[in-house]
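Hi,

Here is the structure I promised to pass on. Have a look at it first, then read on for what turned up.

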Amino acid sequence: IDAAGIPWFEEDDYESFRALLPDRHWHATFAKWEAAAQQNLERIKNQGLRPFKAKVRSAAFAGWCRTTGRDINTQALRDFANLVAYREIHGAH
């Protein structure tokens, strides 16, 4: 089964992410995002994938984009979440 890294935000960092990625569709509040994200996890499970909550922090994401030469955008966030998931699953740092 393939694992899918889902960007998982922390409540205290949610607004920072909203500022970092203004072009992304954001829920008005962290609580609304979290509810939608939980539904998304269920949908992914139903597709036969293994969703993984990749806990991402805005500062770490921005730093990763800088060091890898990536633009700060939604695709980069997905790639970062997959990297975080891979490291957690495989114990690599």
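A residue counts as buried when its relative accessible area is under 20%. Thr 74 comes in at 16%, so Thr 74 is buried. You'll find Thr 74 in helix α4, which covers residues 74-90. Setting aside the neighbours within four places in sequence, Thr 74 is in contact with Leu 21 and Arg 24.

Before going further, keep in mind that this is a predicted model. The chain has a mean pLDDT of 92, with 97% of its residues at 70 or more. Confidence is lowest in strand β1 (residues 3-8), where the mean is 88, and highest in helix α3 (residues 58-68), at 98.

Which kind of pair do Tyr 14 and Trp 26 make? Their ring centres are 5.4 Å apart and their planes meet at 85°, so the pair is edge-to-face. Tyr 14 sits in helix α1 (residues 14-20), while Trp 26 is in the loop between α1 and α2 (30-46), so the pair links distant parts of the chain, 12 residues apart. Both Tyr 14 and Trp 26 are buried.

Ring pairs join a cluster whose members include Trp 8, Phe 9, Tyr 14, Phe 17 and Trp 26. Phe 30, Trp 33, Phe 61, Trp 64 and Phe 80 belong to the cluster too.

Cheers

Methods
Residues are numbered from 1 along each chain as its sequence is written. This is a predicted model: local features need pLDDT of at least 70, side-chain atom pairs count only at pLDDT 80 or more; totals for chains, interfaces and linings use all residues. Side-chain values use heavy atoms; hydrogens and water are left out. Rings of Phe, Tyr and Trp (its six-membered ring) pair if their centres lie within 6.5 Å; planes under 30 degrees apart count as stacked, over 60 as edge-to-face and the rest as tilted. Helices (H or I, at least four residues) and strands (E, at least two) are DSSP runs, numbered from the N terminus. Buried means under 20% relative accessible area, exposed over 50%, partly exposed in between (1.4 Å probe, protein chains only). pLDDT is the predictor's confidence in each residue, from 0 to 100. Contact means heavy atoms within 4.5 Å.
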